[in-house]
Each structure stands twice: as C-alpha cells, then as structure tokens.
Amino acid sequence: GCTTAIIKRGEHGTLVVDSSGATEVAPWPVVAVNGLGAGDAFGAALCRALHDAQPIVAACEFASAAGALVASRRESSAAMPSYG
C-alpha cells in the first residue's frame with residue numbers, strides 16, 4: 001500500500017500525508033502568467049529531490065519553487081529550471 005500521499009493544490013500549496021499525519025507546505029508567492037508546465041516542473045523537481053534523499057517536506061518546497069518559477073513565465077518550456 002501507499003505510505004505517503006503528496007497532494008498538489010496549486011495556489012493553496014501542497015499537502016503531505018504520511019504515517020506521522022498531515023503537513024501543509026506553503027506555496028511560493030507568484031503572479032501566475034502561464035500555468036502550462038508548472039505541474040510538470042513540480043513533478044520533475046520532486047523526483048529529483050527525492051532521488052537526492054531530501055526529506056519529503058523539503059522536497060515539496062523545492063518542487064513548489066520550480067512550479068512557481070515556470071508559472072511566472074510566459075513560455076513554459078524556456079522557463080523550466082535546470083539542476084546543477
């Protein structure tokens with residue numbers, strides 16, 4: 001079974017639910033210009049942070065920042081952040 005759930009809620013942040021309870025991860029404040037690709041950036045950044053063994057809440061904060069960055073730009077493909 002699933003031991004952890006990560007629920008993206010856009011401008012309302014992210015909810016992490018696991019055996020220790022529910023944790024709210026605040027959203028990054030941003031003026032959204034184009035939401036296309038923001039979820040993709042979130043997912044990719046989350047996978048990268050988890051791959052690097054970041055704690056789940058820190059991984060969601062990192063992913064939220066990546067999604068906010070992409071949402072704040074007109075062209076989502078050019079706005080995708082890189083790692084490294």
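Ser64 is found in helix H2. Helices (H or I, at least four residues) and strands (E, at least two) are DSSP runs, numbered from the N terminus. At 11% relative accessibility, Ser64 counts as buried. Buried means under 20% relative accessible area, exposed over 50%, and partly exposed in between, with a 1.4 Å probe and protein chains only. Beyond its neighbours within four places in sequence, Ser64 is in contact with Ala26, Pro27, Trp28 and Phe42. Contact means heavy atoms within 4.5 Å.

This is a predicted model, in which local features need pLDDT of at least 70 and side-chain atom pairs count only at pLDDT 80 or more, while totals for chains, interfaces and linings use all residues. Residues are numbered from 1 along each chain as its sequence is written, and side-chain values use heavy atoms, with hydrogens and water left out.

**Overall fold**

The chain has three helices and three strands. Along the sequence they follow the pattern β-β-β-α-α-α. The radius of gyration is 13 Å, close to the 12 Å that the globule rule gives for 84 residues, so the chain is as compact as a globular protein of that length. That radius is taken over C-alpha atoms, and the rule is 2.2 Å times the number of residues to the power 0.38. The C-alpha atoms fill a box of roughly 40 × 25 × 20 Å along the principal axes. Buried residues make up 29% of the 84 residues. Of the contacts between residues at least 6 apart in sequence, 48% join residues at least 24 apart.

**The core**

The largest nonpolar core has 13 residues, and Leu46, Cys60 and Ala63 have the most contacts inside it. H1 and H2 are the elements that give two or more residues to this core. Such a core is a set of buried Ala, Val, Leu, Ile, Met, Phe, Trp, Tyr and Cys residues joined through side-chain atoms within 4.5 Å.

Cys60 is found in helix H2. Its relative accessible area is 0%, so Cys60 is buried. Leaving aside neighbours within four places in sequence, Cys60 is in contact with Ile6, Thr14, Val16, Val25, Phe42 and Leu46. Cys60 and Val70 are ten residues apart along the chain, and their C-alpha atoms are separated by 15 Å.

Thr14 belongs to strand S2 (residues 14-18). Thr14 counts as buried because its relative accessibility is 3%. Not counting residues up to four places away in sequence, Thr14 touches Ile6, Ile7, Arg9, Thr23, Glu24, Val25, Phe42 and Cys60.

**Two pockets**

A pocket is found on a 1 Å grid over the protein atoms alone: it is an open set of points where a 1.4 Å probe fits, with protein on both sides within 12 Å along at least five of seven lines, and its lining residues have an atom within 4 Å of a point. Grid points are joined across faces, edges and corners, and a volume is the space filled by probe spheres set on the points. In the table, Ala, Val, Leu, Ile, Met, Phe, Trp, Tyr, Cys and Pro count as nonpolar, Asp, Glu, Lys and Arg as charged, and the others, Gly among them, as polar.

| Pocket | Volume | Lining residues by class |
|---|---|---|
| Largest pocket | about 410 Å³ | nine nonpolar, seven polar, three charged |
| Second largest pocket | about 170 Å³ | eight nonpolar, one polar, one charged |

The largest pocket is lined by 19 residues, and Gly10, Glu11, Gly67, Ala68 and Ala71 lie nearest its centre. Helix H1 (38-51) and helix H2 (56-71) are the elements that give two or more residues to this lining. H2 gives the most, with four residues.

The lining of the second largest pocket includes Ala41, Arg48, Phe62, Met80 and Tyr83. H1 and H2 again give two or more residues each. Here H1 gives the most, with four residues.

**Exposed loop positions**

Ala53 lies in the loop between H1 and H2. Its phi is near 65°, a positive value in a residue other than glycine. Ala53 counts as exposed, at 64% relative accessibility.

Glu75 lies in the loop between H2 and helix H3 (76-79). Glu75 also counts as exposed, at 54% relative accessibility. Glu75 and Gly37 are 38 residues apart in sequence, and 9.1 Å apart in space, C-alpha to C-alpha.
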